[in-house]
Amino acid sequence: MPSRLSDAFKSHPVHIHHKHLDFNSVQELPDSYAWSQVDDHYPNCHDVDSFGASESVPIIDLADPNALKLIGHACKTWGVFQVTKHGISKNLLDDIESLGRTLFSLPVQDKLKAARSPEGVSGYGFARISSFFPKLMWSEGFTIVGSPHDHFRQLWPHDHSEFCGIIEEYKKEMNRLAGKLMWLMLGSLGISKSDIKWAGPKGEFKGATAALQLNSYPACPDPDRAMGLAAHTDSTLLTILHQNTTSGLQVQREGTAGWVTVPPIHGALVINVGDLLHILSNGMYPSVLHRAVVNRSCHRLSIAYLYGPPESVQISPLSRLVSRSHPPLYRSVTWNEYLGTKAKHFNKALSSVRLFSPVTLNGFADVNDHHNRVKVG
Ligand SMILES: C=C1C[C@]23C[C@@]1(O)CC[C@H]2[C@@]12CCC[C@@](C)(C(=O)O1)[C@H]2[C@@H]3C(=O)O
Ligand SMILES: O=C(O)CCC(=O)C(=O)O
Ligand SMILES: [Fe+2]
């Protein structure tokens with residue numbers, strides 16, 4: 001079993017045999033990018049409840065004395081929320097956004113100098129999940145695990161150090177925020193520092209691993225037939241997403257059929273519950289199904305900080321959340337093992353590590369099993 005995040009896909013290489021497109025030179029959507037079933041995403045993207053009110057993803061001020069409670073409710077009912085007063089400086093958000101813009105504006109042949117290899121994790125390329133779909137997604141991505149130095153040197157032989165510095169600073173600040181959010185999310189379940197040994201004596205989650213994913217969604221000549229990033233859940237404990245001012249992120253709320261747009265709010269960050277927190281919380285906090293749609297006139301950029309546990313840590317439902325009436329719903333997995341499972345089974349990965357099927361368990365159904373959607377019993 002690979003033990004390093006950078007080796008997670010060694011046994012599941014991704015081969016996508018398509019030429020990379022120069023998005024800016026395309027006037028018409030090529031057939032290889034035309035999705036026949038983009039369904040309801042545009043323009044009817046807001047889910048409307050039975051009273052006619054449009055529901056929206058919670059926005060939580062981290063300085064609010066009620067933040068813990070609000071976060072718990074958001075995690076249980078949405079699996080996603082936006083945070084303000086998170087302590088990440090506007091300058092740093094501007095810097096990472098501008099780095100992303102600079103990177104994706106490079107000519108295709110330059111970006112390909114830092115291409116992700118089929119069995120690799122880091123570098124430039126199509127979304128990993130592209131291999132599960134017959135059509136390509138209208139986006140490009142750049143994944144950073146560990147140091148971006150070698151790839152950045154390929155992209156910018158003379159001035160890579162400044163860009164590396166921004167990435168290191170961003171990762172440091174995100175790591176701090178992720179630790180804080182973890183305790184708010186876990187605290188709202190009644191979990192304290194003594195319940196999670198691998199978080200360390202001070203609960204600092206030392207050794208936590210993370211990937212940084214820069215996503216670019218160029219303006220698209222036929223957005224109704226294109227898909228930016230297909231519906232998926234993240235394999236993480238949690239994901240912190242910064243989006244520019246162009247909307248495109250949509251989430252699905254458990255028990256509803258439609259997609260809800262997560263509007264960009266200046267300075268706010270989007271927090272997703274990932275599959276590993278879903279497992280840790282024994283299904284109490286469902287990972288959120290989300291996707292990105294594209295826009296006719298505006299370029300969109302997003303930066304996802306995908307946060308997970310240290311490499312050797314086995315994640316399983318927390319014993320405090322398990323009882324005779326709530327047996328553990330999932331077997332234990334390391335993040336690497338789970339990434340391998342995801343690379344093989346994609347959106348069925350969570351069900352594949354489930355101990356009981358919702359049908360046999362009758363009454364203890366998971367709140368969010370994306371392929372076995374059932375109501376909580
Ligand atoms: C740690 C990781 C999570 C991720 C795969 C990766 O190795 C780095 C990229 C991440 C990402 C971002 C876009 C959506 C996603 C499903 C994908 O294909 O690559 C996620 C992966 C994930 O959360 O499983
Ligand atoms: O671009 C977005 O809003 C979504 C990105 C995303 O889901 C991801 O990087 O995992
Ligand atoms: Fe995602």
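**Exercise 1: a helix residue**

Asn336 has a relative accessible area of 2%, so this residue is buried. The model is predicted.

Task: state where Asn336 lies and how far apart Asn336 and Leu5 are in space.

Solution. 
1. Find the element: Asn336 belongs to helix α7, residues 335–345.
2. Apply the cut-off: buried means under 20% relative accessible area. Asn336, at 2%, is therefore buried.
3. Compare sequence and space: Asn336 and Leu5 are 331 residues apart in sequence, yet 5.8 Å apart from C-alpha to C-alpha.

**Exercise 2: the iron site**

Task: identify which residues coordinate the iron ion (ligand 3), and say which parts of the chain Asp234 and His290 tie together.

Solution. 
1. List the donors: His232 (NE2), Asp234 (OD) and His290 (NE2) coordinate the iron ion (ligand 3) at 2.1 to 2.2 Å.
2. Read the spacing along the chain: H-x1-D-x55-H.
3. Check burial: Asp234 and His290 are both buried.

**Exercise 3: strand β8**

Task: sort the side chains of strand β8 (residues 249–252) by direction, then find what stands opposite Gln250 and Val251.

Solution. 
1. In a regular strand, side chains alternate between the two faces of the sheet.
2. Leu249 and Val251 point one way, Gln250 and Gln252 the other; all are buried.
3. β8 pairs with β11 in the antiparallel sense over 4 bridges. Gln250 is opposite Arg291 in β11.
4. β8 also pairs antiparallel with β9 (residues 259–261), over 3 bridges. Val251 is opposite Val260 in β9.

Key. Residues are numbered from 1 along each chain as its sequence is written. Chains are lettered from A and ligands numbered from 1 in the order in which they are written. This is a predicted model: local features need pLDDT of at least 70, side-chain atom pairs count only at pLDDT 80 or more; totals for chains, interfaces and linings use all residues. Side-chain values use heavy atoms; hydrogens and water are left out. Helices (H or I, at least four residues) and strands (E, at least two) are DSSP runs, numbered from the N terminus. Buried means under 20% relative accessible area, exposed over 50%, partly exposed in between (1.4 Å probe, protein chains only). Donors are N, O and S atoms within 2.8 Å of the metal (3.2 Å for Na, K and Ca); water is not among the atoms, so sites may look incomplete. Two strands pair if DSSP finds at least two bridges between them.
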